[in-house]
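Grab a pencil and work through a few exercises on side-chain contacts. Try each task yourself before you read the solution.

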Amino acid sequence: EDLLIAGSSPMIPFSASRAGDPKDAVFTRYGEGSRRIVVLDRYTGKVLWKRDAVYDFRHNTIVAGGGKVFCLDHMTDARLMYLKRRGLTPEASSVLYALDARTGDVVWQTDENVFGTWLSYSPKHQLLLQAGSMYRDRAKDEVGRGMAVYRAASGEVVWQSDVSYSGPPLLHDDTIITQGAALSLLTGEPKTRTHPLTGDESPWRFTRNYGCNIAIGCTNLLTFRSAAAGYFDLAGDGGTGNLGGFRSSCTSNLVPADGVLNAPDYTRTCTCAYQNQCSLAMIHMPDAEMWTFSPESWTGGRVQRAGINFGAPGDRRGPNGELWLDYPSVGGRSPDLPVEVTGQNVEYFRHHSSRVSGEGLPWVNSSGVTGAETIRITLADNDVKDERRYTVRLYFADVQPPANAPRSFDVNLQDQPVLQDFKVAETAGGPNRGVVREFRSVTVRSQLEITLRASASTSANQPSTILSGVEVAIED
């Protein structure tokens with residue numbers, strides 16, 4: 001903690017253009033490194049030790065932890081070819097070193113399977129990861145294949161793999177998160193998640209929209225550019241969301257720290273047109289609605305639990321972990337659970353959740369569909385032969401009551417009457433209040449069918465039906 005690690009004598013041939021042609025500037029092709037590591041006392045500036053490289057100490061392959069400095073004395077194949085074309089043929093072995101942080105003495109070293117352009121250290125598990133950092137806006141000689149994990153104390157190989165991925169990887173407790181997928185730090189096996197709809201195991205991954213920079217992380221979030229500024233919810237596994245109005249910068253700049261999300265402007269010469277181009281910082285506001293999209297798909301398996309949120313601007317996880325899907329889908333990619341809504345005058349509406357109170361989830365009740373007559377939600381592939389029993393919850397809120405008469409309609413589930421002459425506002429205690437009705441043991445083979453019809457006692461100019469959401473949970 002009282003040491004300062006610095007690189008010196010940069011690899012000049014790899015950071016200058018050849019023959020003065022800026023289009024041939026090799027720094028766009030090769031990662032930066034130094035010929036020497038220097039360790040100083042951070043308080044006095046006294047040099048404690050230094051080590052010269054045979055090849056190069058690439059800056060992303062120097063990491064400290066557990067009283068050691070880990071580094072790779074190594075060059076990528078692309079750099080070696082660059083040297084060979086100029087008549088230089090280094091023949092020494094590449095080496096991974098673990099050096100005593102205070103003395104520089106070698107604790108252990110290996111010249112076997114030295115390939116990486118990235119090192120990471122886990123203090124909790126005392127493991128060292130050798131990996132690559134290949135991604136679309138990083139140096140062209142980055143490695144994008146292969147990982148190896150070592151015991152930091154001894155250099156013993158815990159596991160190694162020839163896996164392909166995009167980097168740089170992040171260490172999140174016992175997980176290696178790449179720029180999309182994840183592996184176990186302890187075993188190298190791919191990480192999985194429970195599919196939010198079917199309960200099956202599926203590969204863990206996250207997605208984002210277009211844009212430069214890479215994902216960085218903290219305990220609860222990954223942050224990155226996803227068209228605008230974006231994040232992925234690690235704590236709740238709730239999907240990818242966006243912070244509208246500005247984008248994160250060309251280099252990663254959404255930095256969470258002590259409850260504040262810092263976003264210093266680092267756009268350089270970029271002219272992307274977003275409303276706000278400035279430095280800013282944000283704190284969490286529970287009242288701010290945040291909607292996400294999901295990397296998961298639905299392949300026909302029996303749905304265990306799900307919600308359909310009519311008129312919502314995106315997906316959202318409920319308090320019990322259920323995934324509510326926006327319909328129609330407007331918030332980005334989601335599991336494509338088939339939903340069909342028909343009626344004479346179907347319209348969707350959306351308000352802020354602060355507008356409603358009462359039963360149920362405000363962010364479900366604040367949007368909905370009017371004029372629907374038949375709603376079909378597919379809960380299993382048509383080839384499924386068995387029937388299952390579900391608990392079905394219907395969410396209602398009359399957030400835009402008609403002027404001529406109160407709404408009154410009947411509701412059937414699977415062609416069986418469950419609500420008759422149902423007046424939403426009257427039942428809920430007034431407009432802008434939610435009410436939930438639960439029905440158990442609803443038998444479904446493939447599709448759940450909901451029908452809504454004007455009550456028999458109403459006149460021809462009866463106001464249209466209204467429904468905010470449908471939640472299903474399998475019982476057996």
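This is a predicted model: local features need pLDDT of at least 70, side-chain atom pairs count only at pLDDT 80 or more; totals for chains, interfaces and linings use all residues.

## Rings and charges

**Exercise 1.** Classify the aromatic pair of Trp204 and Phe232, and work out which parts of the chain it ties together.

*Solution.* 
- Start with the geometry: the ring centres of Trp204 and Phe232 are 5.6 Å apart, and the planes make an angle of 75 degrees.
- Planes over 60 degrees apart count as edge-to-face, so that is the label for Trp204 and Phe232.
- Now place the residues: Trp204 sits in the loop between strand 15 (201–203) and strand 16 (216–217), while Phe232 belongs to strand 18 (residues 228–233). The pair therefore ties together parts that are 28 residues apart in sequence.
- Last, check burial, where the cut-off is under 20% relative accessible area. Trp204 comes in at 12% and is buried; Phe232, at 1%, is buried too.
- For context, the structure holds 16 aromatic pairs.

**Exercise 2.** Find which ring faces Arg51 and Arg316 lie over.

*Solution.* 
- Arg51 lies over the face of Tyr97, 4.7 Å from the ring centre.
- Arg316 lies over the face of Trp291, at 5.6 Å from the ring centre.

**Exercise 3.** The structure holds 20 salt bridges. For Arg36 and Asp52, locate both ends and say how accessible they are.

*Solution.* 
- The two side chains meet at 2.5 Å, N to O.
- Arg36 is in strand 2 (residues 33–41) and Asp52 in strand 3 (residues 47–65), 16 residues apart.
- Arg36 has a relative accessible area of 26%, which makes it partly exposed. Asp52 is also partly exposed, at 46%.

**Exercise 4.** Are Glu296 and Arg193 buried or exposed, and how many residues separate them?

*Solution.* 
- A salt bridge of 3.0 Å, N to O, joins Glu296 and Arg193.
- Glu296 is in the loop between strand 23 (292–293) and strand 24 (305–310), and Arg193 is in strand 14 (residues 192–194), so the bridge ties together parts 103 residues apart in sequence.
- Both Glu296 and Arg193 are buried.

**Exercise 5.** Trace the salt bridge of Arg305 and Glu471, then the network around it.

*Solution.* 
- The N to O distance for Arg305 and Glu471 is 3.3 Å.
- Strand 24 holds Arg305 and strand 38 (residues 469–474) holds Glu471, 166 residues apart.
- Arg305 is partly exposed at 27%, whereas Glu471 is buried at 3%.
- Now widen the view: salt bridges link Arg305, Arg393, Glu438, Arg440 and Glu471 in a network.

Note on methods:
Residues are numbered from 1 along each chain as its sequence is written. Side-chain values use heavy atoms; hydrogens and water are left out. Rings of Phe, Tyr and Trp (its six-membered ring) pair if their centres lie within 6.5 Å; planes under 30 degrees apart count as stacked, over 60 as edge-to-face and the rest as tilted. Helices (H or I, at least four residues) and strands (E, at least two) are DSSP runs, numbered from the N terminus. Buried means under 20% relative accessible area, exposed over 50%, partly exposed in between (1.4 Å probe, protein chains only). A charge sits over a ring if NZ of Lys or CZ of Arg is within 6 Å of the ring centre and within 35 degrees of the ring normal. A salt bridge is a side-chain nitrogen of Lys or Arg within 4 Å of a carboxyl oxygen of Asp or Glu.
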